[in-house]
Amino acid sequence: MRATIVGAADKRIQELLTSCGISTTAIAAADSASRIQAGLPSADIFVLDMRGQTRIPAALVSLRQHHPRTPIVLVVSSLDPVLILEAMRAGASECLVEPLSQAETQAAMTRVAAHLSSGVSGQVFAFLGAKGGVGTTTVAVNVATELARIAPGSTLLMDLHLAYGDTAVFLGAEPRFSVMDAIENTDKLDKAFFRSLVVRTKDGLDLLASSDRSMMVPIDVERVSQVVSFAAQHYLYSVLDVPRSEPAVLEGLEAVKTIIIVANQELASVRSAGRIAATLRQRYGKDRVRVVVSRYDPKAEIGQDDVQRAVSETIRHVFPSDYRTALDAMNTGRPLVLGNHNRLSASLVALARDLAGIDEAGRPVPASGRMFERWTGRRKS
Ligand SMILES: Nc1ncnc2c1ncn2[C@@H]1O[C@H](COP(=O)(O)OP(=O)(O)OP(=O)(O)O)[C@@H](O)[C@H]1O
Ligand SMILES: [Mg+2]
């Protein structure tokens, strides 16, 4: 691997990387801005020294802008959760903490190398309704919008309803192309082509919308799977709005991290959620399937306990019933997580943050140490 070290005050980082077998080039902090602007020679990774700094340096933002796919490893003085969250939002992928050790540097570089060779960089979340009209698109659109606040420009919402899906309406977007163009042209899939198919909302979310023509020929699982994998390789977060009735789509979700089944408190939807969850657990593994409840009414005859029994799982997220707020958001094309704070938007934000591994206060989740572990290879004490 070749690394470009940006802004290092001493030779320690260079020595550590060299002893990991990595060839290095160094750029001083003083001319980093102009050198990045002018275009750096290509590198496999960037290592940005921000020891002693308490704010994210401008160099991180401009590295991410000019080299969107190259992993950036930060070197920091301490694990400050707020700084780490900011860094993650700015697109850094790993973090080395002082005191710097050979073992931790090696481990981080191994993770980066594995990451580069797998080609997968992002997390994909699929939303599937237990029945029609339960609120699946509402949940998918709002979770995607919230994730785009964490990773603007690196979050995708893909409407896998091959025809007549609703996500564009929810976002007030007018896409010219659709997911069908991606599926029909998998041989042409590259960054430039994909970018020409999506529309970016002003909130930094890319939408690959549904088509407004219906499909005459059956679609191929392999093609769906290629498009989903492409998204996983090019976006930090991808959210899929998945139709229940398209077997090729349900079979093409191998790259998905979590499939979220949206149910409500109607008997038919609860039964259906139980059946769909069982099938998907068998296909994709138990840990990758979750059930949530939309339009939740605490006084409804079928309570949260009943749903839990029917789907054999603890329900961790419910979204209160609030038809007026949900409808206003849809009719104005402005996802409700962007509007006034209310219980429904708070519950949708909570799901997005849970999926991204961030707590309610916006800090990385310390309980499982998920993010710290991913970032530093160390468990948080
Ligand atoms: N939490 C909620 N409380 C009340 N109404 C809601 C809630 N979430 C969504 N709705 C309303 O329910 C209707 C259907 O929502 P949505 O389109 O998200 O459902 P869906 O499951 O995706 O439907 P479809 O099966 O047609 O794709 C919309 O009018 C929406 O405003
Ligand atoms: Mg829908």
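Predicted model: local features only at pLDDT ≥ 70, side-chain atom pairs only at ≥ 80, totals over all residues.
**View 1. Ligand 1 and the residues around it.** Here you're looking at ligand 1 with the 17 residues that surround it. Gly133, Thr137, Thr138, Arg295 and Asp322 are the closest of them. Sort the shell by type and you get eight nonpolar, seven polar and two charged residues.

**View 2. Polar contacts to ligand 1.** Thr138 reaches in with its side chain, putting a polar atom 2.5 Å from an oxygen atom of ligand 1. Thr136 uses its backbone instead: an N or O atom there lies 3.0 Å from a ligand oxygen. Pro320 also takes part through its backbone, with a polar atom 3.0 Å from a nitrogen atom of ligand 1. On its own, ligand 1 would expose 630 Å², and the protein buries 83% of that.

View 3. Ligand 1 sits in the second largest pocket. Two elements each give two or more residues to the shell around it: helix H6 (136–150) and helix H14 (323–332). H14 gives the most, with four residues.

**View 4. The second largest pocket and its lining.** This pocket holds about 620 Å³ of space. Of the 32 residues lining it, Gly133, Val134, Gly135, Thr136 and Thr137 lie nearest the centre. Helices H6, H14 and H15 (343–356) each give two or more residues to the lining, and so do strands S10 (237–242), S12 (289–296) and S13 (318–320). By type, the lining splits into 14 nonpolar, twelve polar and six charged residues.

Conventions: Residues numbered from 1 in each chain as written. Chains lettered and ligands numbered in written order. Heavy atoms only, no water. Near = heavy atom within 4 Å. Polar contact = N/O pair within 3.5 Å; in protein donor to acceptor, adjacent residues only side chain to side chain. Areas by Shrake-Rupley, 256 points an atom, 1.4 Å probe, with all protein chains shown as cover. 1 Å grid on protein atoms, 1.4 Å probe; cavity = no way out; pocket = protein on both sides within 12 Å on 5 of 7 lines; lining within 4 Å. Sits in = over half its atoms within 2 Å of the grid points. Nonpolar A, V, L, I, M, F, W, Y, C, P; charged D, E, K, R; others polar. Points joined across faces, edges and corners; volume = space filled by probe spheres on them.
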